[in-house]
Amino acid sequence: MCDALLRDCPELVRLFVENGLDVGQFLTWGQLENLYAGAPEGSLLHDLLERHQGTSHEPSSPPEYLLLERSLSDCHLSQVARILHELLGDVCAPFYVGLHSAGQKGIGAKGLSPKAEPLYRTELSPNPWTDLFIWAVLLNRGEMAMYFWEMAPDAVAGALVAARILRELSHREMEAEEAASMKNLALRFENLAIGVFNECYRNGEPRAYKLLVRRSSLWGGATILHLAHQADALLFFAQDGVQSLLTQNWWGEMDQSTPVWKLLLTFFCPPLIFTDLITFRSMDDDLRLDPSQPMEMDSLDTDVKTTVGYMMSENTDPPSPPSPRRFWLRRWRQFWGAPVTAFLGNVVMYLLFLFLFSYVLLMDFSAPPAGPSASEIILYIWVFTLVCEEVRQGCFVGSQPVLQRVRQYLQDTWNKFDITALLLFILGVICRLFPDSFESGRTILCLDFMVFTLRLIHIFAVNKQLGPKMIIVGRMMKDVFLFLFFLGVWLVAYGVTTEGLLLPHDRRLPWIFRRVFYRPYLQIFGQIPLNEIDAALIAAANCTYDPVAILMEEAQPCTNTYANWLVLILLVVFLLVANILLLNLLIAMFSYTFAKVQGNSDIYWKSQRYNLILEYHNRPALAPPFILISHLHLFIKRHIRKVQSSKGRHFRECRGEQWERRRE
């Protein structure tokens with residue numbers, strides 16, 4: 001069996017299993033280490049294991065006759081665990097933990113014989129098919145990995161983990177053919193995950209929803225949605241079942257056909273919540289699962305506040321007739337607990353924030369010692385609430401350790417955008433408070449207003465028409481940078497040449513840079529100063545050829561008319577190349593990018609929609625500056641009353657069972 005595995009003979013392995021080989025009794029931790037040690041030389045896994053070989057100190061002496069092509073002196077699962085952590089990041093809990101302590105209990109390191117085999121190597125693997133599946137994926141053995149995936153439990157999560165590992169490995173693989181093979185295999189596993197999930201969705205929507213948000217104890221407590229996001233499984237997010245779940249989370253218990261004007265009217269007039277202006281689903285209409293099924297899921301890692309949260313609740317008793325007080329409280333929570341309400345409130349309040357910011361900059365920004373005005377103080381308080389919300393998102397959302405939460409928070413580009421805007425605002429306010437740096441503070445705050453305004457682009461991501469266009473614009477920005485490279489080379493070549501021909505006596509660096517870069521750039525758009533270039537149109541003026549006089553600005557520099565015909569020829573060639581060749585090249589690149597991305601832009605948008613819905617699912621209902629009320633409520637609830645969310649409890653139970661299972 002070991003020879004069949006090492007020699008990549010999936011048919012022979014299948015034959016062994018069909019003829020009665022019990023993989024659960026075959027695969028021990030020692031056998032698994034032998035398989036990893038038998039990674040062929042030149043393979044990426046072999047290089048990764050060698051890189052981590054010096055960091056492990058667990059003794060091992062696997063039998064040599066099992067490893068015919070063995071090239072690693074020893075290999076330990078702790079090295080494999082580090083490799084998996086590098087490839088999967090913080091998505092899953094660490095693999096293969098506690099083996100050394102369990103195997104060497106009661107044995108000192110000095111008293112251990114060099115030829116003695118660690119005790120843990122004789123223990124059986126609790127998940128043999130999954131361990132073999134990971135081994136085959138790391139070696140990029142497609143047929144072997146497919147067979148082990150068929151035999152292993154948790155098919156959807158396993159396929160997405162394989163897609164994640166293979167895509168990460170493809171970025172590290174130096175050989176183009178092997179990297180392409182990894183990408184193709186990753187796509188195959190993503191399609192397998194899609195096929196299994198779609199079959200579940202056709203058989204029962206509630207169970208398919210549970211599958212998406214269930215925490216997998218086999219894969220370190222990760223949900224399928226999180227695994228799909230980390231694996232960049234765009235096609236998986238484009239499936240109807242995934243989008244249906246996201247839509248239900250977005251609208252909460254409100255009817256999905258509710259017009260925006262009704263939401264706005266109810267937002268500004270909360271008593272309308274208790275009328276029939278907005279249709280809410282009743283408890284009888286909520287989706288519920290079979291009470292006999294275990295409840296070990298986490299609906300998007302936040303407090304239960306949406307339809308999916310109620311669907312996953314442990315209370316399976318039929319609802320009792322609601323009292324008027326319960327009806328009012330339920331309606332209030334149904335409206336303010338929906339992510340669409342949080343999104344709408346944040347959009348409205350953010351527009352008001354930008355209006356206040358612009359008013360302060362243009363109308364009410366007094367220099368010291370006059371001090372900040374009332375509107376400016378309100379603006380400072382508003383920004384302080386924004387800072388509090390960013391700190392909450394980065395440090396207090398989720399169940400991972402704080403460093404992992406911060407790393408996950410910084411992975412989002414828009415979060416980096418927010419941090420940049422807030423840091424610029426703080427720097428501008430500090431400079432604004434002192435008379436010597438007041439103008440610098442005003443300048444920084446004006447630039448910061450531009451950053452805050454560009455943040456509005458994130459709002460378009462929720463729109464089905466504008467969201468895909470954002471994807472296209474983002475791809476076109478890469479084309480613009482390539483175009484600017486070609487344009488910059490040609491612009492510098494033309495600008496330096498013409499400056500040396502026309503004004504060789506001017507030594508003023510600011511003016512040199514202005515005429516070398518800025519003037520040719522304006523000429524592309526038709527602003528051509530012929531009275532400064534063409535000798536026939538240059539008017540007589542009080543000028544000088546003396547560099548010192550020019551540097552002291554006692555007189556303007558005279559234009560050199562020698563070889564003026566060459567300057568005109570260069571102007572014609574520059575405009576020909578820049579306006580006709582390069583600009584048409586940019587248009588052609590835009591057309592190609594648009595045609596290439598347009599067909600898949602909807603898929604990209606559906607994947608980004610998950611991030612947006614998850615963000616506003618996590619946010620409190622109240623928007624800044626009133627979000628401090630929500631923060632105070634959460635602080636009292638979590639740290640004073642010690643009320644924990646049910647989802648956090650499910651996570652801990654699932655994670656605890658997993659750790660105990662791995663240590664046994």
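# Exercises on Helix Packing and Aromatic Pairs

The protein chain contains 30 helices and four strands, where helices (H or I, at least four residues) and strands (E, at least two) are DSSP runs numbered from the N terminus. The model is predicted, so that local features need pLDDT of at least 70 and side-chain atom pairs count only at pLDDT 80 or more, while totals for chains, interfaces and linings use all residues. Residues are numbered from 1 along each chain as its sequence is written, and side-chain values use heavy atoms, with hydrogens and water left out.

## Exercise 1: Burial in the chain and in helix H9

Task. State what percentage of the protein chain is buried, and determine which residues of helix H9 are buried.

Solution. 

Step 1. Buried means under 20% relative accessible area, exposed means over 50%, and partly exposed lies in between (1.4 Å probe, protein chains only). Of the 664 residues in the protein chain, 48% are buried.

Step 2. Helix H9 covers residues 142–151, and seven of its ten residues are buried, so H9 is largely enclosed by the rest of the structure. The buried residues are Gly142, Met144, Ala145, Met146, Tyr147, Phe148 and Trp149.

Step 3. Contact means heavy atoms within 4.5 Å. The buried residues of H9 pack against helices H1 (2–6), H2 (10–18), H8 (128–138), H10 (155–172) and H11 (176–203).

Step 4. For the protein chain, 73% of contacts between residues at least 6 apart in sequence join residues at least 24 apart.

## Exercise 2: Helix H5 and its crossing with H6

Task. Describe how the axes of H5 and H6 cross, and identify the residues that meet.

Solution. 

Step 1. Axes are lines fitted to C-alpha atoms, for helices over the stretch in contact, and angles run from 0 to 180 degrees between N-to-C directions. The axes of H5 (residues 44–53) and H6 (residues 77–88) come within 9 Å and cross at roughly 115 degrees.

Step 2. On the H5 side, Leu45, Leu48, Leu49, His52 and Gln53 take part, and they meet Gln79, Val80, Arg82, Ile83 and Glu86 of H6. By class, this contact of H5 with H6 has five nonpolar, three polar and two charged residues. Ala, Val, Leu, Ile, Met, Phe, Trp, Tyr, Cys and Pro count as nonpolar, Asp, Glu, Lys and Arg as charged, and the others, Gly among them, as polar.

Step 3. H5 is mostly covered, with seven of its ten residues buried: Leu44, Leu45, His46, Leu48, Leu49, His52 and Gln53. The cover of these residues includes H4 (29–37), H6, H8, H10 and H11.

## Exercise 3: Two tilted aromatic pairs

Task. Classify the pair Trp332 and Trp336 and the pair Phe353 and Trp382 as stacked, edge-to-face or tilted.

Solution. 

Step 1. Rings of Phe, Tyr and Trp (its six-membered ring) pair if their centres lie within 6.5 Å; planes under 30 degrees apart count as stacked, over 60 as edge-to-face and the rest as tilted. This rule gives 34 aromatic pairs.

Step 2. The ring centres of Trp332 and Trp336 are 5.7 Å apart and the planes stand at 50 degrees, so this pair is tilted. Both residues lie in helix H18 (residues 324–336), four residues apart, about one turn of the helix. Trp332 is partly exposed at 38% relative accessibility, whereas Trp336 is buried at 14%.

Step 3. Phe353 and Trp382 also form a tilted pair, at 5.8 Å centre to centre and 50 degrees between the planes. Phe353 belongs to helix H19 (residues 339–363) and Trp382 to helix H20 (residues 374–395), so the pair ties together parts that are 29 residues apart in sequence. Phe353 is buried at 0% relative accessible area, and Trp382 is buried at 9%.

Step 4. Ring pairs link Phe353 and Trp382 into a cluster with Tyr350, Phe357, Tyr380, Phe425, Phe449 and Phe452.
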